[in-house]
Amino acid sequence: MVTVVCVTGLALGARPALGEWPLTLAMLAVMVAAALPTINVVVRRQALNLTLTEIPLVVAFYLLPPLSVVLAYTLATLLVQIRRSLAPVKFWFNIFRAAAATSLASLVLLALPDPVGIEPDAWAALSAATSVHTLVTLAAVIAVIAVAQGWQAGWEIARNSPPALLAAAVNVAVGLLIVITVVATGGWGFLLFAVFAAGLFLVYRSYTQFLRQHRTLNDMYQLARAMTESSRDGTLVDALLGRVRALMQAEYATLWLPAQGRYPEVLLTAQDDRRGLLDVAVTPAALRERARSESRVLTSGAHLSAETAARGILRGEPVKDVIILPLRSGPAVIGTLEVVNRLGDTNHFTSEDVLIFETVAAHAAVALENSRLVDRLRHDAYHDTLTKLPNRRRITAALDEAVKIRTPGEVVALLLFDVDRLREVNESLGHAAGDKVLVAVAERLRGCAPAAALVGRAGGDEFLVTLRLEGAEEALDLAARMREQIRAEMVFDGLTLDVDTAVGVAVHPDHGGGPALLLQRVDLAATAAKGVPGSVQLFNPALESRSLRRLGLAGDLRRALDGGELEVYFQPKVTLRDRRLVGVECLARWEDPAHGSVAPDDFVAVAEHTGQLDRLTELVLREGLRRSRDWAHGGHPLSVAVNLSPRTLTDPHFPARLSDLLDEYGVPPQRLTVEIRESGVLDGTDRPIPALRRLRDLGVRLSVDDFGTGCSSLVHLRRLPVHEVKVDRSFVQGMATDPGDLAIVNAVVTLSQQFGLAVVAEGVESELTLELLQDIGCEIGQGFLFSRPLPYERLEAWFGAQLDLEAVPVGELPRLRAVP
């Protein structure tokens, strides 16, 4: 419309409207030649071309009538657009934009005084007309981009227009110089400007090449810097694709990394004018797979070579040109990097772009491998290598974040699952079997834990689960359910294992305000749960008090052993049928000035963990053997029983030391009974048997203490070289009121006697219990019905009070009176 109006005005107002055809055709040729060399300024998806068209336009305005100028410039634009093979919309837009701008500029020139000669008023008229042409052209471009892509895109073109305006002003000045020269020299000035134009073209081409190289080097430096910085915060792919797309002035940049090990497949694309990354690609997957498998560059485009197969794959795809490069890490190809569609309809990738892109791909491959290495190291630092679960460090970090968020009506629960008897599995079947157990437990925990829970391995045979729940009761219920679900049998190489766990529970804020304290207290709860196999224990302050008490006892125990502060008490063992004294059990006791009366379980546990166990065991053995020797010299030979820790049985030097002590005190080995808890001798393995056999070979009697509290079967007793079984007090004390306890004691006594073992009942505290034990055939007992544990002096007084007045026949044991 603008063109029609302006051309109509020119036809009516200009005299003459058209000039000579030879000159018009000559100016047409010059305009086409001036429009071919361009500087492309890419803004978003549009390319702004800076040309030399203003130079012949100024000359044409001076030499030709208006309509000839419009005709020559429009035809020149048409020829150039045909050569560039633009899309139809852009093709016709550029032609009519050129016609409208030239016709409007001709109207402005027609309205001004005729430029005569080479006076300044002629300069002003020609400059004004050419400036109108430039401004109309730029305004049309800005307007159409604003309509098509939004006002932000149009505003960005306007902000980047000063270089175009400056180039147009320089071109106008050059055109005026040509006009002045031509007028002054009568046409011979064209020869001088031909030489000037040739030199200017060479300088321009060198300068544009220099600018391109400088920009490429700067972009590559910025790309390398961005990849280095982004590899630290996990945004490498975003920085890489965005920079590569900008560097190559491409519409799309795509990274493809096939699945490898624990890394899933990655397919991400950066698109021009789009924030973020897309998980799709415009090129077919077959091209990327081919570039990776053949480890070579694949290209296709107007200025790039392309194989027939590649052209066939790309047929029908919205791809103008493409470069696909394999990413190499040493000899291996880890993926591909590709750019698609050079921005601007007239722009295409060239062989120079392939070389630049290969350099970029080499840097990208190194950066991606380094990023994967850092990611792998970071993953390994926070995950267990065996079970692939988060480790204690990761759990601690998650717990630290969880406790910072206070949610009304909810607590942060921490559950610690301790796998029972894993050490026995390792020792019996090897660590490979133990690892399989841990992996199986990890899988079961993952399967039965709620979706919101974080499951991790704390180390060794311990697993942690943390999540938000309504309260401590819900945490206990969840722990019990999960324990039941993971305790099913496991089969390894045809061997069936029964795996169980002890579970400790702690919750925030009830049991601690930070992760370190919660972990400490849930560990205390799990340790307490292990005391009752298969149990679930909620933390309570008493557990911590006992733990702190034991911690404080470590130094005091060493001092007490050095100072002889520990005493040995003696509890009589009596035949139940005729109440005759047959021996005593030696029990260590400790009255500390600071701690008061210290429970044996506490200081024995401290001795085991501080390396004082051997000294404590030797103290009790020496005192027991010395008293046994003294009683034998006094005519009352009594056997003594000493408790041994299961850890002592693992000491290969203990039997030799015990033999030396027996020789030192001159006590026959058969007068010494060594008592070991059931969990120490019936642990499901043959580990204690060699030590037990060596003790039996010495002549020492062996007794299984606290029998019935563990999970062992009575038939296991047949494999052990023991002489005696002691029924735990918990069953003996309940015989009179619980038929189940009575049945258990009856079964133990019956089967033990069939195996040729003596039976000792602990915890005899009533006459009714004594009668029941006599009825089922139990031989020996000890308990408060006869006497509490007594120090040596009180034991001697007890002997005197309990002995019958009649003389005891020589060779017989003293008979005790009934306790009222």
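Two strands count as paired if DSSP finds at least two bridges between them. Keep that in mind as we walk through this predicted model.

**Stop 1**

Start by selecting residues 581–592, which make up strand β16. Is this strand mostly enclosed or mostly open? Nine of its 12 residues are buried, so β16 is largely enclosed by the rest of the structure. Buried here means under 20% relative accessible area.

To see where they face each other, click on Asp-592, which stands opposite Gly-596 in β17. The link from β16 to β17 is a hairpin of three residues.

Next, select residues 566–575, strand β15. This strand also pairs with β16 in the antiparallel sense, over nine bridges. For an example, pick Glu-567: its bridge partner in β16 is Arg-589.

Then select residues 639–644, strand β18. Which way does β18 run, parallel or antiparallel to β16? The two are parallel, and four bridges join them. Show Gly-583 and Ser-639 together, as they are bridge partners.

**Stop 2: the turn between β15 and β16**

Go back to β15 and β16, which form a hairpin with five residues between them. Select Arg-579 in that turn; its phi is positive, at about 55°. Arg-579 is buried, because its relative accessible area is 13% and buried means under 20%.

Which residue does Arg-579 meet in a salt bridge? Select Glu-767: the closest N and O atoms are 3.1 Å apart. This pair links distant parts of the chain, with Arg-579 in the loop between β15 and β16 and Glu-767 in helix α28, 188 residues apart. Glu-767 is partly exposed, at 31% relative accessibility.

While you are there, select the whole of α28, residues 767–776. Gln-774 lies in this helix, and it counts as buried at 18% relative accessibility. Leaving aside residues up to four places away in sequence, Gln-774 touches Leu-576 and Arg-577.

**Stop 3**

Side chains of opposite charge can pair when their charged atoms come close. How many salt bridges does a search of the whole structure find? The count is 35.

Select Glu-675 and Lys-573 to view one of them, with the closest N and O atoms 3.9 Å apart. Here too the pair links distant parts of the chain: Glu-675 sits in strand β19 (residues 672–677) and Lys-573 in strand β15, 102 residues apart. Both residues are buried.

Now widen the selection to Lys-573, Glu-585, Glu-675, Arg-701, Glu-724, Lys-726 and Glu-762. These residues are linked in a network of salt bridges.

For another pair, jump to Arg-483 and Glu-484, whose side chains meet in a salt bridge at 2.9 Å, N to O. Arg-483 is buried, with a relative accessible area of 8%, whereas Glu-484 is partly exposed at 45%.

**Stop 4: a nonpolar patch**

Finish by selecting Leu-18, Trp-21, Leu-25, Leu-71 and Leu-75. Leu-25, for one, is found in helix α2.

Notes:
Residues are numbered from 1 along each chain as its sequence is written. This is a predicted model: local features need pLDDT of at least 70, side-chain atom pairs count only at pLDDT 80 or more; totals for chains, interfaces and linings use all residues. Side-chain values use heavy atoms; hydrogens and water are left out. Buried means under 20% relative accessible area, exposed over 50%, partly exposed in between (1.4 Å probe, protein chains only). Patches are made of residues with over 30% relative accessible area and no salt bridge: like charges are joined within 9 Å, nonpolar side chains (Val, Leu, Ile, Met, Phe, Trp, Tyr) within 5 Å. Accessible areas come from the Shrake-Rupley method with a 1.4 Å probe; for residues, only the protein chains shown count as cover. A salt bridge is a side-chain nitrogen of Lys or Arg within 4 Å of a carboxyl oxygen of Asp or Glu. Contact means heavy atoms within 4.5 Å.
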